[in-house]
Amino acid sequence: MAWFRASSCLGNLAIRRSLSQGGSYAVRARNLPSQNRCFHSTIFKRKEQASPVPRAVPLSRLADSFLDGTSSVYLEELQRAWEADPNSVDESWDNFFRNFVGQASGSPGVSDQTIHESMRLLLLVRSYQVNGHLKANLDPLCLEEREIPDELDPAFYGFTETDLDREFFIGVWSMSGFLSENRPVQTLRSILTRLEQAYCGSIGYEYMHIEDREKCNWLREKIETPIPMQYNKDRRVVILDRLIWSTQFENFLATKMKTAKRFGLEGGETLIPGMKEMFDRAADMGVENIVVGMPHRGRLNVLGNVFRKPLRQIFSEFDKNSKLEDETGLYTGTGDVKYHLGTSYDRPTRGGKRFHLSLVANPSHLEAVDPVVIGKTRAKQYFSNDLDRTRNMAVLIHGDGSFAGQGVVYETLHLSALPNYTTGGTIHIVVNNQVAFTTDPRSGRSSQYCTDVAKALNAPIFHVNGDNIEAVVHVCELAAQWRQTFHSDVVVDIVCYRRFGHNEIDEPFFTQPKMYKVIQKHPSSLEIYKNKLLESGEVTQEDIDRTQKKVESILSEEFLNSKDYVQQRRDWLSTNWEGFKSPEQLSRIRNTGVNPDILKKVGRAITVLPEDFKPHRAVKKVYEDRARMIETGEGLDWAMGEALAFATLLVEGNHVRLSGQDVERGTFSHRHAMVHHQETGDKYCPLDHVMENQNEEMFTVSNSSLSEFGVLGFELGYSMENPDALVLWEAQFGDFANGAQVIFDQFLSSGESKWLRQTGLVVLLPHGYDGQGPEHSSARLERFLQMSGENPYEIPQMDPTHRNQIQKCNWQVVNATTPANYFHVLRRQIHREFRKPLIVMSPKNLLRYKFCKSNLSEFDDIQGHEGFDKQGTRFKRLIKDQNHHSDLEKGIRRLVLCSGKVYYELDEERQRLNVNDIAICRVEQLCPFPYDLIQRELKRYPNAEIVWCQEEPMNMGAYTYIAPRLYTAMMGIGRGSVEDIKYVGRAPSAATATGFLKKHQNEQAEILRLAMQPEPINCPYSSHSN
């Protein structure tokens, strides 16, 4: 709000000239021991030390707008200029001065009031708007020691008690809130009363950091209204009922499950009525779907009272002897603890509407669920055609310690206004226990509030005393109104406490004795509200007793019924996924080849740029080459294979979304999915024009912020909403994926096992050793393989008609080496009756490698063409040796199994040496392991020495994963032992790769030499040990 910034500076001049009365004003910062903040106090210099007289102001500055003026040295010069000629100053300054001399229409001047006095009064108003929250009563325990800023003391501006009943002229302004009423003359007492009521009660508002004047005015109008928030009797009875449910739910669990961890909400029970009122108001304003993410504290209460999860089901989850549905032949996974589980529910509102609620399952890693919720919400908006983003909304509940301490909070906030990630605003609710596990705020954050990070996004922040239920309800409703009005983030900070320890069997007196002595004696928010309503006469004790007895009766009945409740773990799965098969159900294997006419048609559509479009000459050549590939049907490169996969899926009606750092061009300048006009800067995306009148968001390619954790979490959430979407996230380099390790570990690799939730998310991780050093060589393939849930010593059913190996595995890891195989593995993600995450070790130098090409016939579904085999055209899990070997080759002395780009180097070396007795096979799908195809190759070469060759060090890459599975495959056909598996690759290493190009080249040459050497390879083992 520029007007107030101007006022602040102008007010400094007023204080210097008027308040000092002969002295000069200076500022001294006073450090307060109770908080990391500096307040200001007034001191006086002696007259001889006064500041110099301001210099003359250039006439050019006299036209500055009053709303934007920032100088404190030329107010008087402006006034003199205006007095001489009103037209010589900006119109806003003209209106300003007219107000104070009584020339404004309907605004009589006050004769004994100086302009500086009025400016000091306006400064006082602004100080309350900016700093009033520091004086607000926010801590229900009254433990926080906060020094009130001097700026909130009228004496700071030269006012005394004798001025309280004196009338002041404050003008009529074109703004909302306190100054918007047509009451230009008010007493100082009435002004201060209004300011105290608005800004220093049980709610502390922070919004003056917002730069948008319209938003500030809207909030001022809501905050400074002369009528304070009031609820009628009916509303208060509803609020009381909801608070009773919230409180007695926790009390009941505490009584029945005394030794169980439940992470209760005691001390913050007002969250439940606040959420309900927020959701009701949001639904009244058009919201139809709300996606919620939250930590474990209070989750059971939210599940029971907000999401209406059957209470008997919640209670049964505490019972170790609880009954489960007959799960014979059903996939059950590992399950998860009760306070991590999600649910969904169609909830009615007080106004008679209904809306859908989704609570996303999450791990104990606090805040990790945040971007997942946002991504899921964005996907809901796409699939429901919610273009203005008002019908689908995200709500995130945080703890105070995690909101301030977890970096993913900022990564998620940072997505809020990005075009391809925004959801039209998220409501953040912080359940502020004023302690994080055992850590006090002074040790847990450097800022005044745990919510200060949200100021970077210009989000308003409403701090509220958690004991004042009506204040909590008010700010929750206000947050819903803000979100639906301005479509941006808002934060509600409920300052409460934790009545017990981190969990119910924890001892909080170990670390917070002072706090918990107060908590022991502190009444609950329910007791406080009951007393308030009893005193007002709006309810009687009989009314309260009747409600509490009803709630207790229902809880007891549900507890008894929980003994016979049969848990059904699939109850909460989304209807979008109906018909999709779980791991125990056999899924038909589908071909992924495409009709050649369709390939040609879409290929031409995505290789043509508009005639009047002027791309970079190098990009123009790329598209000319791609057009030639389609016409000739030869030499299709990696980027073309990918583009064809996307285009054919689009034609089939699927949504395709690719995001990550630099994905529009591609880190290695290979994709060029978005082309830039070299003169206007306009963009053109050929894949947006595969079909006529194509939805512009049907294909989305978007550069992301420089985030791995947040963006990968977002795309994961996006992929979980609807199975009819190919969602991909690409790392700039695969090495950087570990910045999102929590998403890989807690969600992607284990989400189906823990929560029965499927996702078909594709993760592209550039990987390969080409001398770029330890941070640009390895996507840490070994980590993804190590997280595989496949038994390395058991060969599953591999018959094509009964094989469900891939369904039972937790994810797929591939290292494709041809554009056609990449095309098919992408299409396979959609053309199946289930969904699995796909981890792709994508290439770097193969993107332009002369031999890494495919013909168009490998993409089609024509029998007899290159890609067609016994089962049709589909992804090849293993590519056999390309030297046209027969089914039995006894003369081959060595079978080299490898994966990735090292194949091409091995093949070139084999050709250079003219070696004919070594076979090289590519394992394209590492996980799940292709036992059937490996055994086929072992049988083809019965006399061959068996070698695993890789570029990575022995303790990295696929070796430790491959070795036991290769041994199992060998044992299955009676072929040797584990000692017969030879290793060729780099020696064990702490770093993934050397930083010296020459050393890299030497190591690579040694790998090739060993793989091709005429002598048998010594076991065990690496290139450095031979």
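Residues are numbered from 1 along each chain as its sequence is written, and side-chain values use heavy atoms, with hydrogens and water left out. Because the model is predicted, local features were required to have pLDDT of at least 70 and side-chain atom pairs were counted only at pLDDT 80 or more, whereas totals for chains, interfaces and linings use all residues.

The mean pLDDT of the chain, where pLDDT is the predictor's confidence in each residue on a scale from 0 to 100, is 85, and 84% of the residues reach 70 or more. Over residues 1–74 the pLDDT stays under 50, and the model has 142 contacts beyond four places in sequence for this stretch, a contact being defined by heavy atoms within 4.5 Å. Residues 105–112 also have pLDDT below 50, with twelve contacts in the model beyond near neighbours in sequence. Where pLDDT is low, the predicted coordinates should not be read in detail.

Helices and strands were taken as DSSP runs (helices H or I with at least four residues, strands E with at least two) and numbered from the N terminus. Solvent exposure was classed by relative accessible area, with buried meaning under 20%, exposed over 50% and partly exposed in between, using a 1.4 Å probe and protein chains only. Strand β22, which spans residues 838–842, has five of its five residues buried and is therefore largely enclosed by the rest of the structure. Its side chains divide between two directions, with Leu838, Val840 and Ser842 pointing one way and Ile839 and Met841 the other, and all of them are buried.

Strands were considered paired if DSSP finds at least two bridges between them. Strand β20 (residues 762–766) runs parallel to β22 and is joined to it by five bridges, with Val762 having Leu838 as its bridge partner. Strand β21 (residues 812–814) pairs with β22 over three bridges, likewise in the parallel sense, and here Val813 stands opposite Ile839. Together with helix α27 (residues 819–830), β21 and β22 make a right-handed β-α-β unit; the crossover is right-handed if, with the strands pointing away from the viewer, the path from the first strand over the helix to the second runs clockwise. Within helix α27 lies Asn821, which counts as buried at 2% relative accessibility. Not counting residues up to four places away in sequence, Asn821 touches Ala816, Arg874, Phe875, Lys876, Ile879 and Glu924.

Strand β6 (residues 289–293) is mostly covered, five of its five residues being buried. Strand β6 pairs with β9 in the parallel sense over four bridges, Val292 standing opposite Leu359. A parallel pairing over five bridges also links β6 to strand β10 (residues 392–399), in which Met393 stands opposite Ile290.

Glu277, located in helix α8 (residues 271–284), is buried with a relative accessible area of 0%. The side chains of Glu277 and Arg350 are joined by a polar contact of 3.0 Å; such a contact is a pair of N or O atoms within 3.5 Å, of which, within protein, one must be able to donate a hydrogen and the other to accept it, and residues adjacent in sequence count only if both atoms are side-chain atoms. Leaving aside neighbours within four places in sequence, the residues in contact with Glu277 are Arg235, Val238, Ile239, Arg242, Arg350, Val473 and Glu477.

Several backbone features fall in loops. Glu367 has a positive phi of about 75° although it is not a glycine; this residue is found between β9 (354–359) and α11 (370–383) and is buried, with a relative accessible area of 7%. His487, also not a glycine, has a positive phi of about 55° and lies in the loop between α15 (469–486) and β13 (490–495), where it counts as partly exposed at 33% relative accessibility. The peptide bond from Cys927 to Pro928 is cis, with omega near -5°, and Pro928 is found in the loop between β28 (925–927) and α29 (931–940).

A disulfide is a covalent bond between the sulfur atoms of two cysteines. With the criterion of a pair of cysteine sulfur atoms within 2.5 Å, the count comes to zero disulfides. The sulfur of Cys898 is 6.4 Å from the closest cysteine sulfur, that of Cys949, which is too far for a bond. Cys898 counts as buried at 0% relative accessibility, and Cys450 is likewise buried at 2%.
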